[in-house]
Amino acid sequence: MTTLKEQFVIPKRYNTWSMALMGVGILCLIILFITHGAKSDQREQARFWASLLQNSVYFLLMTNAVMFFICATTLAWGGFQISFRRVSEAISTAVPVIGVISVIIMLVLVFGNNHIIYQWADPNQVKASHVLQTKSPFLNKGFFTVWTLVIVSLWWLIGAKVRNLSRSIDDKSLTVEQGKNFTWTNTVWAAIYLVVFALSVMSTIPWLWLMSIDAHWYSTMYSWYTWVSTFVPGCALIAIFIIYLKNQGYLELTNEEHLHDLGKFMFAFSIFWTYLWFSQYMLIWYSNQPEETTYFIDRLGSRQNPSPYKGIFFLNLVINFVAPILILMKRGSKRHYATMTFMCVLLIFGHWLDFFQMVFPAVMKDPVTGQTHVPFMLFDFGIGLGFVGLIMFLTGRSLSKYPMIIRHHPFIKESIIHHT
Amino acid sequence: MALLRYESQVRAPLIEGTKTYHQVTEDICRPVEARPTRLWWMGFSFSVLLLCFGILSVTMEVIYGVGQWNLNKTVGWGWDITNFVWWIGIGHAGTLISAILLLFRQGWRTGVNRAAEAMTIFAVICAGQFPIWHMGRVWMGFFVLPYPNTRGPVWPNFNSALLWDVFAISTYFTVSLLFWYSGLLPDLASLRDRARLKWRKMFYGVAAFGWSGSTKHWQRFEILALVLAGLSTPLVLSVHTIVSFDFATSVVPGWHTTIFPPYFVAGAIFSGFAMVQTLLVVTRKVLGLEEYITIEHIEVMNKIIILTGSIVGIAYLTELFVAWYSANPYENFAFLQNRVNINSPYGWSYYIMMGCNVLSPQIFWIRKMRRNLVLTFFMSILVNIGMWFERFVIIVTSVYREYLPSAWSTYYRPTVWEVGFYLGTVGLFFTCYFLFAKFFPVVAAAEIKHLLKKSSDGFKHKMGELESESMEAFVERHGHDHGA
């Protein structure tokens, strides 16, 4: 009789690594605080907080995108994901923790005295700007706080509900009728989650959290763009955990067929990201209206006066478009552990870089000359590694608590006999 | 026993009734081989009549020029461009079903892909008429082709989204046609082999390109399907993206918004599925194909309608919100005065759009409604109307009161020849569809046969015992071949 390794035992090295990474994160945080955050200059402080904002929001939206993956595939009755569903569920347990961290950071930015990042939170700047006054029914402290708290709580609660539903059948087998009911309940909750997702990540949340950093600027594409930029690394995160667990001898029922499918998601949505990137950039470039082009001028500059972000701007495209289209298009590469691992790491970093160039240029801008400059990125990256460690820790903890196979799920057998 | 596929009993079968291969061939070929019914003749004649009216209308325009369409003011183009975009949008579901759903391995596509692809091709043909006849001097049409010439500075403007349209639509049409036709080959060969009349043998013989059903043929067939799916997936997005660029590259308030490309694509899929529903709800009944195009199929497509309708809804609200948020007085005017204000001359059209596209599809949250054929048909018509009005809102409400008040023109009505042209395209569409439904199998018989061993009642019945097997036993018996 086949015996399956259902219980994940956290290897010692895994724990060491996650602790070490979190240690690196905290160390970088402290260094950045001393070198920038503790300075009396408001611009220096903002540079410190921008790093926290970029990292926390990026990793929050990315782990939340994993819950989106679960709910989207559940709503579509996808059978293939069941064999590794516990992995996605485990990653999504990071949402509440990173959610709390992000909320704290953002509330400090909104209610603190430093308004370099969120200009709209400063009554004096609002008074001086007609545009900010017009926006104030939306961009104000009260609405920001309430909506942020409501949405993060909903992600938390519905995510927990979806996970609990999956755990509820761990020790009872289902008849076909019960299976239908179970699938139905899952579908309903997945749909509820997606409605909340549409009203948050696909619309309001990126406007509030990120687009409002460039408070005078606007683009209707912004939220959808932000969503894809977190969905690609979300899929990469699932894939990389699967590869790790496979290498440790777990997830016997998951094989290269499933990995191939995740690779397809990464590939397809990398191209979709490029599509949205191009649409947003091209339309703003083409119509050339100053109130819109400012955003890209900060990042690209002009021929005479190129922006220091130019390199990052194009590197973003190379990593997130050129690399996936060249490497992930081939069937073999989506089924190859080493190639997939490389691509996962690259894409998680690539979209981190995307978020970096979404957040920093407006913060690192000289108010007099309008010149932007790029900060020394190593410590920001270190803080990012801290979040990676945190996600590893939380995922590992959740994986070790529950069986890794949802043995009674109506679609588990479909997932075993899966050909892509 | 090496199991190649397993499908949970929780899923409803995609083919109802216990069918044999022969029965499938019989069921699907029967309508093609039978004499056309009275109903068919009536529908076909009416379509041809409409088409003739269209030909007359276009002839009037070619002889007397675009002045026949009252095109002496910008908003006069409202009707014409609306119709063009409406058709091109409808031509999106087919390729989505055939290509993207093939890549996503959605079994249910098999029942509906043939008809949806045919519909796509006809819709694109209809859409293609508009740019051609909009040229006015249509005999100069070859000017859009970039080739060395002696016309001096008259050279295609590669910076214009309108020219990109020409390339996008013709590419899309070519690939969709190839996809549709290559899928037809095995079925045409079946018809050839079953034919008794000489002309039928000849006709289907030529059309089947010598298909013999050898393993080699099937192998190439499968590879071709995958390659074409890969090629057409970006095309599904590109065509409507470029149509959206026609508007969004401008600086016209209400047109220039960055969300246009993906939102147009979602809207196109939305309207395309509505048209597929309109056609299939009737076709399956008339041709007796309810066991192949099941209620399950209808329900899934209704789910896509509510999904894409809601995506479009989010886009509408995003546009509206950002128009306000931008604090740009022109955007504000276009949205809040020309659209949202119901008392403005065309404010009503905004509410028709919102009502038909965003609010009414929400009824499909209820499962019973998704499986109700009458309601499905009614909703599909409503969505078709709503999507027509979406384009009307975008085009007319943005340009009838643009930047220059001296150029404002609230009075706008299409002329009889404009209406005639539109009705003509409707006639063209249905003429093609009636001919297709008569001479070609509307369901892909060969692909349905693949599905018999994957998701039919008979297969489900055979697999029943595996459902209750413990997971370990299942893995033991079937899992080893699959890397487990």
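Predicted model: local features only at pLDDT ≥ 70, side-chain atom pairs only at ≥ 80, totals over all residues.
In chain A, the residue A:N55 is placed in helix α2, which covers residues 42-75. The relative accessibility of A:N55 is 0%, and because buried means under 20%, A:N55 counts as buried. When the neighbours within four places in sequence are left aside, the residues in contact with A:N55 are A:W352, A:D380, A:I383, A:G384 and A:F387.

In chain B, helix α9 runs over residues 260-286 and has 27 residues. From its first C-alpha to its last, α9(B) reaches 39 Å, which is close to the 39 Å expected at 1.5 Å a residue. Of the 27 residues of α9(B), 24 are buried, so this helix is largely enclosed by the rest of the structure. After α9(B) comes B:G288, a residue whose phi is positive, with a value near 65°.

Empty space was examined next. Rolling a probe the size of a water molecule over the atoms shows where such space is left. The second largest pocket holds about 1,100 Å³ of space, and its lining is made up of 38 residues. Nearest the centre of this pocket lie B:P131, B:H134, B:M135, B:L162 and B:V166. Several helices of chain B, namely α3 (78-90), α5 (109-134), α6 (161-194), α8 (215-248) and α14 (373-399), each supply at least two residues of the lining of the second largest pocket. Among the contributors to this lining, α6(B) gives the most, with eight residues. When the lining of the second largest pocket is sorted by class, 25 residues are nonpolar, 10 are polar and three are charged.

The largest cavity has a volume of about 130 Å³, and 15 residues line it, of which A:Y218, A:T220, B:H256, B:T257 and B:V322 lie nearest its centre. The elements that give two or more residues to the lining of the largest cavity are α10 (295-325) and α11 (329-340), both of chain B. Of the elements that line the largest cavity, α10(B) gives the most, with three residues. By class, the lining of the largest cavity comprises five nonpolar, seven polar and three charged residues.

Methods: Residues numbered from 1 in each chain as written. Chains lettered and ligands numbered in written order. Heavy atoms only, no water. Helix = DSSP H or I, 4+ residues; strand = E, 2+ residues; numbered from the N terminus. Buried < 20%, exposed > 50% of the residue type's maximum accessible area, 1.4 Å probe, protein only. Contact = heavy atoms within 4.5 Å. Expected span 1.5 Å × (residues − 1). 1 Å grid on protein atoms, 1.4 Å probe; cavity = no way out; pocket = protein on both sides within 12 Å on 5 of 7 lines; lining within 4 Å. Points joined across faces, edges and corners; volume = space filled by probe spheres on them. Nonpolar A, V, L, I, M, F, W, Y, C, P; charged D, E, K, R; others polar.
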